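Let's take a walk through this structure together. Keep the viewer open and follow along as we go.

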Amino acid sequence: MLFLLAWRNVWRNVKRSTIIIVSIALGLAGGLFAGAVMMGMGESMINSAIDRNLGHLQIHSPAYRRDALVSNYIRSPQKVLSLLDTLGSVKAYSARTLLEGMASSANSSYGVTITGVDPERERETTALVSMLVAGNFLADKYRTQAVIGKKLAERLGLKLKSKIILTFQDRSGEIVYMAARIVGLFKTESTAFDEMTVFVRQKDVTRLLGARKPLIHEIAIRLKNSSTLPATKTRLASGFSDLKVEEWREIAPELAFMSTSVESFTYLFVAIIIFALIFGITNTMLMAVMERIHELGILMAVGMKRGRVFIMILMETLLLSFVGGMLGMLIGGAAIAWFNHFGIDLSAFAQGLEGFGSGTTLYPYLPGVMYAALTVMIVVAANISALMPAWKAVRLKPAQAVRVY
Amino acid sequence: MALIDVRHITKTYNSTAVPVHALRDVNVHFEKKEFTAIVGPSGSGKTTLLNILGGLDAPTSGEVLIGGQNITGMKESALVEFRLRHIGFVFQAYNLIPVLTAIENVEFIMLLQGVGKKERHERARTLLADVGLADRLDSRPSQLSGGQQQRVAVARALASRPRFVLADEPTANLDSESTTSLLDMMEEMNAKYEMTFIFSTHDARVIERAHRVITLEDGRFQEDKQ
């Protein structure tokens, strides 16, 4: 009956309770949606990076991670690739030759990473093909060919089918020149990647490096499901203790940091909103207590213990906050679900977003654990809000409350 | 042994610059089944005496024994429990919890006592029938007249099966008809349940019906008329 009493007390002033419930609901829904947009942006950056070139996992020689030299290649890549072929969690992989070098045109030159790939493998591992804005991906059509970022092409004054000169060191440290025809231009969400990456066929660079077999510096692995990442990593790391098996978080710590930061900022953002709401709830409940001093006095006079009065006020506040909180989650959740499905078109801000490596269509999302955490935050906030009014109520002297008010 | 034994009670309020002596050495006792009115002009100390009898206020000196148990030195939590188990209260107005129905108001006191759901529902129904409100069980206070509300308050006061009922000016806001009807009902309860009723009042209609009238003036005991 105490619950019933508290529930009915909440609704005895419908207008006031509605105002505070709507305030809580809109405040929370706004906070959740803003948080989901931030999370969506972070997720977009991570997914873009994974799609673009990172993959879920990468394998390098430890020496290459310390010093990106041509000679620091994986000595027995075939063993790794054979194992990858047997792992059910692996969707695709690309064994790459990585060369730090220079891309030049008649007008200019620019420092780049020359990535030698097996076109078919790369096509399966990354989504680079879908990011081509002109031409095609690497094929067997021409003798030497390159796919470069649109941004790099602009910087060097090159077009599709132009010739690009790539310069890099071979295994003995001698400078090697490679002339290639540009067959494709790509445009990803990352300006930096577009400016500094050149894709060429692995067999072309292998020949120039004077090697009989491709020198593999990096194996990028795409998983069928990201939830299998830890298990796959463990399996590979235990199989090849002489190699460095890393997940995307370790390869791109700035992305991992951003992902954590965005989550923390979302909590902080919602916490600030809830903190502001505490004052509103406290005010409402104080008014509710002040209006009912006579009644509370009677309750205490007839034998209701102060503890029970305290619990009743606490319960009223919790109910008020709970209704507002649930409504806010419902509105916020529905808005997030809607925009997660249809996306938010931010192409007007494309240039700025590309600087961050984020896509122009945002898909807000909030993990389930965050909804649970926010529920706890609301309950805690409601309890804090109830303290002052409940304290005020239990300090009443029944005789005075009944007589004076 | 008297049901209530008031010994040398004084009450002085020191909240203002000049101390207010609300009660001065009051000695009185009440027996079981009494139907007593405490009368006197405003400021005579009626309500203060009633509050002290009900353990709502503590005397400055003196003691109150209820069934031989001294309640003046009791801790607040023990007093709340004592009130719940042994004393019924009817106040002047706005007695009931507005968001509860008549039957819920009566049941509420039993809920605080820990009475089971079925028993408290049965007892509440019986009591409301006794006070003539069998057909208004589910009415909220705002749907009842002043007289009907006071009847529910009496039913609630009796619901805890107290040793006595204290009523602070219960008819102050009632018209003649409602007052008569309420007093008839209280007398009936007094007879039926052998319940002691102690009123504070300056309503002549109540004084007429009281079996015993105690008069206070300026906080002093003036007269005790059977």
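This is a predicted model: local features need pLDDT of at least 70, side-chain atom pairs count only at pLDDT 80 or more; totals for chains, interfaces and linings use all residues.

For the complex, the predictor reports an ipTM of 0.86 and a pTM of 0.70. Chain B has an average pLDDT of 88, and 100% of its residues score at least 70. Within chain B, the lowest element mean belongs to strand β10 (residues 220-225) of chain B, at 82, while β3(B) has the highest, at 93.

Now turn to chain A. How does its radius of gyration sit against that of a compact globule of 405 residues? Such a globule would come out near 22 Å, but chain A has 31 Å. The C-alpha trace tells you about the outline too, spanning about 100 × 45 × 30 Å along the principal axes of chain A.

In secondary structure, chain A has 16 helices and 12 strands. Of its 405 residues, 44% count as buried. If you look at contacts in chain A between residues at least 6 apart in sequence, 82% of them join residues at least 24 apart.

Which of its residues make up the covered face? They are A:I164, A:L166 and A:F168, whereas A:K163, A:I165, A:T167 and A:Q169 are on the uncovered face. As a rule, side chains in a regular strand alternate between the two faces of the sheet.

Strand β2 (residues 90-104) of chain A pairs with β6(A) in the antiparallel sense, over four bridges. To find the pairing on screen, look for A:M102, which stands opposite A:T167 in β6(A). Strand β7 (residues 175-186) of chain A also runs antiparallel to β6(A), joined to it by seven bridges. There, A:I165 stands opposite A:A179 in β7(A). β6(A) and β7(A) form a hairpin with five residues between them, and A:G173 in the turn has a positive phi of about 90°.

A second pair in chain A is worth a stop. Strand β1 (residues 57-60) of chain A and β10(A) run antiparallel and are joined by four bridges. In this pair, A:Q58 stands opposite A:E246 in β10(A). Strand β10 (residues 244-247) of chain A has A:V245 and A:E247 on its covered face, with A:K244 and A:E246 on the uncovered one.

Next, the place where the chains meet. How many residues of chain A are in contact with chain B? The count is 17 residues of chain A, in contact with 21 residues of chain B. On the chain A side, α1 (2-10), α12 (293-301) and α16 (398-404) each supply at least two residues. By class, that side of chain A has nine nonpolar, three polar and five charged residues.

Crossing over to chain B, you'll find an open sheet of four strands in the order β2-β1-β4-β5, with antiparallel pairing. Its edge strands are β2 (20-30) and β5 (69-70) of chain B, and each of them pairs on one side only. Strand β4 (residues 61-66) of chain B runs antiparallel to β5(B), and two bridges join them. B:L65 has B:N70 in β5(B) as its bridge partner.

Finally, check a couple of backbone angles in chain B. Most residues other than glycine have a negative phi. B:K33, which is not a glycine, has a positive phi near 70°. You'll find B:K33 in the loop between β2 and β3 (35-39) of chain B. Is B:K33 exposed, partly exposed or buried? B:K33 counts as partly exposed because it has 15 C-beta neighbours inside 10 Å.

B:E194 also has a positive phi, of about 55°, although it is not a glycine. Its place is in the loop between α6 (176-192) and β8 (196-201) of chain B. With 9 other C-beta atoms within 10 Å, B:E194 is exposed.

Technical notes:
Residues are numbered from 1 along each chain as its sequence is written. Chains are lettered from A and ligands numbered from 1 in the order in which they are written. Two residues are in contact if their C-beta atoms, placed from the backbone, lie within 7 Å. Ala, Val, Leu, Ile, Met, Phe, Trp, Tyr, Cys and Pro count as nonpolar, Asp, Glu, Lys and Arg as charged, and the others, Gly among them, as polar. Two strands pair if DSSP finds at least two bridges between them. A residue is buried if 20 or more other C-beta atoms lie within 10 Å of its own, exposed if 12 or fewer, and partly exposed in between; C-beta atoms are placed from the backbone. The radius of gyration is taken over C-alpha atoms; the globule rule is 2.2 Å times the number of residues to the power 0.38. pLDDT is the predictor's confidence in each residue, from 0 to 100.
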